[in-house]
Each structure stands twice: as structure tokens, then as C-alpha cells.
Amino acid sequence: MNIQKIFVFLLLAAVFFQACTKTETGSTELQNSTPEAEGVTSQSILNFIEAVENSNHELQSFVYLRHGKIIAKGWWSPYKPELKHTLYSLSKSFTSTAVGFAVGENLLSANDKVISFFPDELPDTISENLAKLEVRHLLTMSVGQFPEPTFSIISSNNDWVKAFLATPIVYEPGTKFLYNTAATYMLAAIVKKVTGENVVDYLKPRLFEPLNITGSDWEVDPKGINTGGWGLRLKTEDLAKFGQLYLQNGIWNGKQVLPENWAKEATTKKIDQNPEATPEQLAKDDWLQGYGYKFWRSRHNSYRGDGAYGQYILVFPEQDAVIAITAETQNMQSELDLVFDNLLQGMKESKLDADKTTLEKLQQKLKSLELTPPEPGDISVVENNFSRKTFDFGENENAPKKISFNLENGKLQAEFYFSDDNSETLSFGGNEWITGETNIPVTSLLPQKNSNILKLAPFKVAGAFSCSGENSLELTLRYIESPHTEFYLFKTNGNKISLERSNSRTNRSEIQTFEGQLIQ
């Protein structure tokens, strides 16, 4: 083989190798790096994790990007990288993005009148303020309705569009900020009107496929329209990609995926939450920094998408960084403070010298993250009072009709009977999480009807049990594709049994109690 043939052979081999590598790893995937290589101290990330674990916050995952590369990521077991996660209002930023694509395709504009999309759902009398309502007012939470109408709309109506349009608009649209989740639902309904597709389907070829985001799903209303303001489920790395897309002004892998003007417009301030906020308030409150198109402005010249109980995509343009977090917390401001006080402080302007010792500690810590299951306690309590027994709780809307228990090899199985021919068996570990699936929906912040939520079933769960006293058994059931956990506390007294059902969302302050008896 002569030199020329060798050169051609090597050239073709290189091209083939590059193509194979691109196909195998995917050009849409984020690259890995180390903190110091991207100008971040490993110690700052360790400090963040330690601060989280010493706080009242429960983080379930995070992914940290600097200069477009993953420098740290972790999931607190039983949460895992491959699991989706309920995003609550972080979903709003994705609905806004769908509107941005539709605007870019000249299917609508931010100045379009809302009533123009729904001629068949309008009230008999169209008020002056309703006639003035535009798409941009839905985007900026400046509809003018008061009080916030979402709970009343979705809990008592099957036609949410009609109910929203019938809700009085007290203030002139565009003049006052009031958080309004139903307004984002209306954007999802508009997207479906002009595209013929639900938001989740419309985004698939435009956003999800270019970023290699797979497995997404979204809750729907009684008419099958995506809820828009909540209900999207994505993986944590997907959230990081989404933030990186906006950080890059809509460019992904060298291609303009999202219109650049929308990426900039959506994330800049359009309205103040409180124009009269004092400097002292502005210095510490990240809900007073201004609002864009379903993105919040934050301190340190950053912006974010956020959802209830601490679901975040934080974008730092000046630092060229993105941080995605899933969590369950009752104090979202405090969670942000942990990010600013630790992770933000660790970002430097240039590459740092390698810190192998601290990096190794960080990597080991990231591999060992865990939400510790409850201690099982005295297992004889289960054997003597619950195992191989069935208890009847009668007809209750929020509790199973019957429950049977069986303990084998340290693993407890509980069979929940909703009718004589409809039951589910869940497994609970002693000092370990046992994963499974269930059709029993988790208690949610929003009063959606189960028939709509169940369209996302089965739900992935992880269970563990614990015993206290001589007659008490508690089942902890984590819904590991949501922020929340359910608790079932059983107490026996002879042939009688009581059940206290609660969940992490309410901090057990709204306990439901049911009485039952042994039947076999």
C-alpha cells in the first residue's frame, strides 16, 4: 500500500470514527469536566452539599454546569439519574418556550387578544378588561384577576378555558403582577389552538429532540389539554440542558434551536412584582427582582425557572453557569441562599490549579448521597401484630378498604384493597429502600382529579418501614418521580386498628385518621 493510499485510508478511518463517536455519545449530550478545570473550587461544592445536609431542606438531585460542561451532579438515593421528576411551576418556563416557538413560526404574537382564540368559550358579556387581555399579559402574570383563580377553576370546572374567561378581571391587564397559574394553562390552550398539538407534543421536534430529551410527559385537564402551569416531568440533566440552551441564547450544538430574540425577551424583566419594594427587601428577596415570560429574575443578575418545593433551573450569564435542582423544601428562598452562599462564591474567572485531594472527596461524596431510610426498630412488632393479618377500614374515599400485611426475610409487603377485585401490593424494606410502582397517586399541591393524574400512572415509588412502641408500624412511601412522600402510621389495640395517613407536603399537619378492625 503506497503513501497516498495510506493517507486516504487514515482520513476515511478518522471520519468514520468521528461519525461513530457522534452517533454513540450523541452530540446533544453534555460533556463532563472537573470543577477546577472550569474555574470552580471543588470545596465550594462540598460546602454546598454539607450545608444542604445540615439544613431543613431535602435535596433530591442537582446538576451543575460551568462553561457548558458538567462539573458535578448527584442524586440522593433512592432518587436516580434516569428518573423523571414532577416540576410543578417550573413547567411554566417550558410552556413559555412553546409560545416562543409559535411566535417564531408566525402562528401568534404576544400582542394578540386572548379572546380571539376562544370565540366559543366567551362569557355572554365581554368586559373592557377581558377585551384588552393579550398573550403578553398571560406571559407576565399581569392578567389583572384577583384573587388568584387557579384553585377554584380547576377544582370545580371541567372547562377550564371557559371558567378562566368568565373570571372577573379586576385591574387593567398589564398594570399589576399577581402570580396566576391558570394564566399559563391558558397559554397551553392557545398553543393547542394554533398548532393543533399539545405543548408536550409541539415541543418534541423543536426542543426535546434537538436536546436529546426523552420520556417527557405532562398532566392534562379534563379536556385533554396540557395543564401548562404545572405537571411536566423531566430528568434533572434535561433541566440543565434547558437552562444551557437559554444561556446560549437559543443555540444548541451550533444551531439556532430557539429564536434568539425570544431567549433574550423571555428572561429579561417585563414587570416588577412590587414597585414599592424597599432596598432592604430587594437585597434579600428573589421574588422581587422582576419577572419575564415565565422566568423569574434573581439576584446576582441571574434568572431562573422555579417550581413549588424547590424545583429550580438557575442561570448565571455573567458566570456562564447553570444549576438544576430538584427538592422538597418549605423555604425556597433559603434554598436559593445556599446556592448563592456556596456555589456562586466558588465560581472564579479563570481555570484553577488541580486540587486532586478535594476533588476525590467530592467525587466520593457525590457517589454516596442518600436519604437514609427509617430504622426498622423492633421487627417483632410487625410479626406479632401485623404479619399475615388483614384489617378492614370500611368505605373511605382517602384510604384503602382493606390492608393485608406479610413479613418475609426482613421485607414487608402490604396489599391495599380498593375493592374486592382491585388491590395493589407494595414492598417496604427494613433499613433499605425497596423500589416498585403503584397506581395510587401522591397527594398533590393542586386539587386535580385522580382520573387526570392517573394518565401518568404507574408511579415509581420506594418504600421502607419502621416500628415504634409495642403496637405501631409506619410505612414510608417515597414517590421518587415527585418531591413528595406519603406516610401510613398503623396502631393496633387488640382486634382494633387505627390508620393515620399524612404526607411530607403538609409536614403531617393535616393528618387523616381512619379506624378499622382485624378480620382474619
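Select helix α2 (residues 42–53) together with helix α14 (residues 356–367), which pack at an angle of about 35° with their axes 9 Å apart; helices here are DSSP runs of H or I of at least four residues, strands are runs of E of at least two, and both are numbered from the N terminus. The axes are lines fitted to C-alpha atoms, for helices over the stretch in contact, and the angles run from 0 to 180 degrees between N-to-C directions. The model is a predicted one, in which local features need pLDDT of at least 70 and side-chain atom pairs count only at pLDDT 80 or more, while totals for chains, interfaces and linings use all residues. Residues are numbered from 1 along each chain as its sequence is written, and side-chain values use heavy atoms, with hydrogens and water left out.

Look along the pair, and the crossing of α2 and α14 is left-handed, a term used if the near helix is turned anticlockwise from the far one by less than a right angle, with right-handed used if clockwise. Now show the side chains of S42, Q43, I45, L46, I49 and E53 on α2 and of T358, L359, K361, L362, K365 and L366 on α14, which make the contact, where contact means heavy atoms within 4.5 Å. These contact residues divide into six nonpolar, three polar and three charged, with Ala, Val, Leu, Ile, Met, Phe, Trp, Tyr, Cys and Pro counted as nonpolar, Asp, Glu, Lys and Arg as charged, and the others, Gly among them, as polar.

Next, select helix α3 (residues 91–104) and helix α10 (residues 236–247), whose axes come within 12 Å and cross at roughly 45°. The two helices are therefore oblique to each other, given that angles under 35 degrees count as roughly parallel, over 145 as roughly antiparallel, 65 to 115 as roughly perpendicular and the rest as oblique. The crossing of α3 and α10 is also left-handed, and its contact is made by S93, F94 and T97 of α3 with L239, F242 and Y246 of α10. That contact comprises four nonpolar residues, two polar and no charged.

On a 1 Å grid over the protein atoms alone, a cavity is a set of points where a 1.4 Å probe fits but cannot get out, and lining residues have an atom within 4 Å of a point; grid points are joined across faces, edges and corners, and a volume is the space filled by probe spheres set on the points.

Select T86, E219, V442, I453 and S482, which lie nearest the centre of the largest cavity among its 17 lining residues. This largest cavity has a volume of about 210 Å³, and its lining divides into nine nonpolar, four polar and four charged residues.

For the second largest cavity, of about 50 Å³, select S61, W75, Y79, K80, L83, K84, H85, T236, T326 and I480, which line it. The lining of the second largest cavity has four nonpolar, four polar and two charged residues.

Finish with the backbone. Most residues other than glycine have a negative phi, and most peptide bonds are trans. The bond from F146 to P147 is cis, with omega near -5°, and P147 is found in the loop between α5 (135–139) and α6 (150–156). A cis bond also runs from A457 to P458, with omega near 0°, in which P458 belongs to the loop between α16 (450–453) and β18 (459–468). Last, select N253, a residue other than glycine with a positive phi near 55°, in the loop between β7 (251–252) and β8 (255–256).

Key:
On a 1 Å grid over the protein atoms alone, a cavity is a set of points where a 1.4 Å probe fits but cannot get out, and a pocket is an open set with protein on both sides within 12 Å along at least five of seven lines; lining residues have an atom within 4 Å of a point.
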